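Student: I would like to learn how to read loops, pockets and cavities in a model. Could we work through one together?

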Amino acid sequence: MRIAVYPGSFDPLTKGHLDVIVRAAKQFDKLIVSVVRNPSKSPLFSVSERVDIIEHATKDIPNIEVSHFEGLLTSYVAGKGAQAIVKGLRAITDFEYEFQMALMNRQLNPDIETMFLMTHSKYAYLSSSMVKEVFKLGGDVSELVIPYVCKKLSQKVKVVNN
Ligand code: PNS
């Protein structure tokens, strides 16, 4: 069984992430979308809220499992019996960091392959942090995230009106 892990902060899930999820799920028997618990970051959404959002967004895709992890990604991936890590690449600016991580992960476990999917061009500029900033400042993010995320953002974020 070909299993891949798509790890990330997903704070919150954007349509760019979703595009990668839908396309990666077609390439593997199972895709595990996994939210990182990073104690050194203070995310807007808790791990369980982020898992809930991803579960909601992917409920119609049968070969997706949504989970979370903490610690070394390669240990987590091996523990899940997966052979690959899937990452989305937006622009050239992502490349340096992703390249470093992919090489480090290969050093840690040469049996795990990192596979990159180029983002859809319409999401090349999109990031979770930008979505949060635009939403906070009262901008329209409805083209960038699913309606469920818009609802969760409005429950969580106080919009600043200048
Ligand atoms: O969505 P993000 O924040 O770009 O995701 C980053 C993530 C979760 C892929 C990265 O932080 C990660 O792999 N964290 C696990 C810690 C780890 O294994 N570090 C060593 C590999 S470089």
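Student: Where is Pro12 found?

Tutor: First, some ground rules. This is a predicted model, in which local features need pLDDT of at least 70 and side-chain atom pairs count only at pLDDT 80 or more, while totals for chains, interfaces and linings use all residues. Residues are numbered from 1 along each chain as its sequence is written, and side-chain values use heavy atoms, with hydrogens and water left out. Helices (H or I, at least four residues) and strands (E, at least two) are DSSP runs, numbered from the N terminus. Pro12 is in the loop between strand 1 and helix 1.

Student: What is the peptide bond from Asp11 to Pro12, cis or trans?

Tutor: Most peptide bonds are trans, and most residues other than glycine have a negative phi. The bond from Asp11 to Pro12 is cis, with omega near 0°. Phe10 also lies in the loop between strand 1 and helix 1. Its phi is positive, near 50°.

Student: Which residues are closest to the ligand?

Tutor: A residue counts as near when one of its heavy atoms lies within 4 Å of the molecule. Here 13 residues surround the ligand, with Gly8, Ser9, Gly71, Leu73 and Asn105 the closest. Look for polar contacts next (pairs of N or O atoms within 3.5 Å; within protein, one must be able to donate a hydrogen and the other to accept it, and residues adjacent in sequence count only if both atoms are side-chain atoms). A ligand oxygen is 2.5 Å from a side-chain N or O atom of Ser9. A ligand oxygen is 2.8 Å from a polar backbone atom of Leu73.

Student: How much of the ligand does the protein bury?

Tutor: Accessible area comes from the Shrake-Rupley method with a 1.4 Å probe; for residues, only the protein chains shown count as cover. Alone, the ligand exposes 550 Å², and the protein buries 72% of that. Strand 1 (3-8) and helix 4 (92-108) each give two or more residues to the shell. Helix 4 has the largest share, 3 residues.

Student: Which pocket holds the ligand?

Tutor: Rolling a probe the size of a water molecule over the atoms shows where empty space is left. On a 1 Å grid over the protein atoms alone, a cavity is a set of points where a 1.4 Å probe fits but cannot get out; a pocket is an open set with protein on both sides within 12 Å along at least five of seven lines; lining residues have an atom within 4 Å of a point. A molecule sits in one if more than half of its atoms lie within 2 Å of its grid points. The ligand takes the space of the largest pocket.

Student: How many residues line the largest pocket?

Tutor: The lining has 42 residues, and Pro7, Gly8, Ser9, Lys41 and Tyr97 lie nearest the centre. Helix 4 supplies the largest share, 8 residues.

Student: What is the volume of the largest cavity?

Tutor: Grid points are joined across faces, edges and corners, and a volume is the space filled by probe spheres set on the points. The largest cavity has about 40 Å³. Its lining includes Leu73, Met101 and Asn105. Helix 4 gives the largest share of that lining, 4 residues.
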